Amino acid sequence: MPKAIQIQQFGGPEQLQLVDVNVGEPGPGEVRIRHHACGLNYIDIYQRTGLYQGALPLTLGMEAAGVVEAIGEGVTHLAPGMRVAYASQPPGAYCEVRVMPARCVVQLPDGIDFETGAAMMLKGLTVQYLLRKTQPQGGLQPGDPVLFHAAAGGVGLIACQWARSMGLQLIGTAGSDEKCALAREMGAAHVINYKTEDIVARVKEITGGRGVKVVYDSIGKDTWEASLDCLRPLGLMVTYGNASGPVPPFSVGTLAAKGSLYVTRPTLFTHLATRESTQAMADDLFGMVTSGQVKIRIDQRYPLADVAQAHRDLEARKTTGSTVLLP
Ligand SMILES: NC(=O)c1ccc[n+]([C@@H]2O[C@H](COP(=O)([O-])OP(=O)(O)OC[C@H]3O[C@@H](n4cnc5c(N)ncnc54)[C@H](OP(=O)(O)O)[C@@H]3O)[C@@H](O)[C@H]2O)c1
């Protein structure tokens, strides 16, 4: 029987269990995919701990690449034997083979291998909607400064390169000098080690006292206040993750006091709501990767059965770039 990684209850990495699963035939609008590689994402940790709650038992995982085995009625954009990849809800990518909605799945270009596909879909599509579509009033122009936290992570290293290709001055933060050097090498115009340096003071110094137009913040609780203080008047705060814990409740009056700021709390899955939007965003991402403007770094690989160790390493901030799990 095919294997999958499930949790029976929310908790630590020890909850991740290898189990046998029944995988049936795809129904209308569905596809069955045999995975060659699965992606690891920070959202998997929120789902494992119960910060984001799904129905139990739950097979985790939201990103993978593989080959189509069968399609259900009404599926016209996929065919058996096709190489594909996806970032999707519902979770369920930590497995050898699965049935899922075909709407989320796109054909993988010939020049992109399975591991790269699994390492780039959720993270790369996130960077696509953040940098291209989550912009301040008046948009972003070449030369504009933006602050991007966790710049040496999976999403972060893609963002460094994508921002450079747009001509943006990305100021990246990271938790060690080594990670800062990596973010710089991958396209960050400036870097801040937020374990040893004051984020606000450094951003003010880099921007000649003006602050940045946008902050892309996936850290949440620990960086919320500093991030607001790095924005120039009318700047945009994009809070899109909770690696340190969720942003605490705040008074909207704070936004007026700090310069009529804008705040948004987006999720990739709003942007992937239709097959058309998913394909358009994927085409943009594939273009960035096949043209060499964005290189997908896979800095960690684990057998799927060792996913608990992968979660421990991600939570302990030991990883850089993308991580793949191999079924
Ligand atoms: N809303 C969306 O649409 C969306 C989509 C995708 C991802 N995300 C979010 O984007 C973030 C990045 O995702 P990813 O999968 O690429 O992960 P990642 O950036 O590779 O890993 C998370 C990084 O966060 C930093 N971090 C800071 N404080 C931390 C803490 N207390 N505990 C753990 N890590 C901490 C660490 O880097 P340093 O050591 O450098 O601090 C760590 O490596 C996550 O918060 C994720 O939830 C959101």
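**Figure 1. Strand 1 pairs with strand 2 in a predicted model.** Strand 1 (residues 3-7) and strand 2 (residues 17-20) run antiparallel and are joined by four bridges. Ile5 has Leu18 of strand 2 as its bridge partner. Strand 1 also meets strand 4 (residues 58-59), again antiparallel, through two bridges. Here Ile7 stands opposite Leu58. Strands count as paired if DSSP finds at least two bridges between them. Helices (H or I, at least four residues) and strands (E, at least two) are DSSP runs, numbered from the N terminus. The model is predicted: local features need pLDDT of at least 70, side-chain atom pairs count only at pLDDT 80 or more, and totals for chains, interfaces and linings use all residues. Residue numbers start from 1 along each chain as its sequence is written.

Figure 2. Strands of a sheet pair through backbone hydrogen bonds, either parallel or antiparallel.

**Figure 3. The whole chain, for orientation.** The protein has ten helices and 16 strands. Its C-alpha atoms fill a box of roughly 60 × 40 × 35 Å along the principal axes. The radius of gyration is 20 Å, which agrees with the value near 20 Å for a compact globule of 327 residues. That radius is taken over C-alpha atoms, and the globule rule is 2.2 Å times the number of residues to the power 0.38. Of the 327 residues, 48% count as buried. Buried means that 20 or more other C-beta atoms lie within 10 Å of the residue's own; exposed means 12 or fewer, and partly exposed is in between, with C-beta atoms placed from the backbone. Of the contacts between residues at least 6 apart in sequence, 68% join residues at least 24 apart. A contact requires C-beta atoms, placed from the backbone, within 7 Å.

Figure 4. Domain 1 covers 3-123 + 269-326, and domain 2 covers 135-265. These bounds come from an automatic or database domain assignment. The C-alpha centres of the two domains lie 27 Å apart. In the contact, 15 residues of domain 1 meet 15 residues of domain 2. On the domain 1 side, helix 1 and strand 16 (322-326) are the elements that give two or more residues. That side divides into five nonpolar, six polar and four charged residues. Ala, Val, Leu, Ile, Met, Phe, Trp, Tyr, Cys and Pro count as nonpolar, Asp, Glu, Lys and Arg as charged, and the others, Gly among them, as polar.

**Figure 5. The shell around the ligand.** The ligand is surrounded by 29 residues, and the closest are Gly153, Gly154, Gly175, Ser218 and Gly241. A residue is near the molecule if its C-beta atom, placed from the backbone, lies within 6 Å of it. Domain 1 and domain 2 each give at least three residues to the shell. Helix 1 (42-49), helix 2 (114-133), helix 3 (154-165) and helix 10 (307-315) each supply at least two. The shell has 13 nonpolar, eleven polar and five charged residues.

**Figure 6. Two cis peptide bonds.** One joins Leu56 and Pro57, with omega about -10 degrees. Pro57 lies in the loop between helix 1 and strand 4. Another joins Gln89 and Pro90, with omega about -5 degrees. Pro90 sits in the loop between strand 6 (83-87) and strand 7 (97-101).

Figure 7. Most residues other than glycine have a negative phi, and most peptide bonds are trans. Ala150 has a positive phi of about 55 degrees. Its place is the loop between strand 9 (145-148) and helix 3. Ala150 is buried, because 27 other C-beta atoms lie within 10 Å. Arg317 has a positive phi of about 65 degrees. Arg317 belongs to the loop between helix 10 and strand 16. Arg317 counts as partly exposed, because it has 16 C-beta neighbours inside 10 Å.

Figure 8. Pro28 is in the loop between strand 2 and strand 3 (30-39). With 9 C-beta neighbours inside 10 Å, Pro28 counts as exposed. Beyond four places in sequence, Pro28 is in contact with Gly72, Glu73 and Gly74. Gln169 lies in strand 10 (residues 169-174). With 19 C-beta neighbours inside 10 Å, Gln169 counts as partly exposed. Beyond four places in sequence, Gln169 contacts Gly143, Asp144, Pro145 and Ala189.

Note on methods. Two residues are in contact if their C-beta atoms, placed from the backbone, lie within 7 Å.
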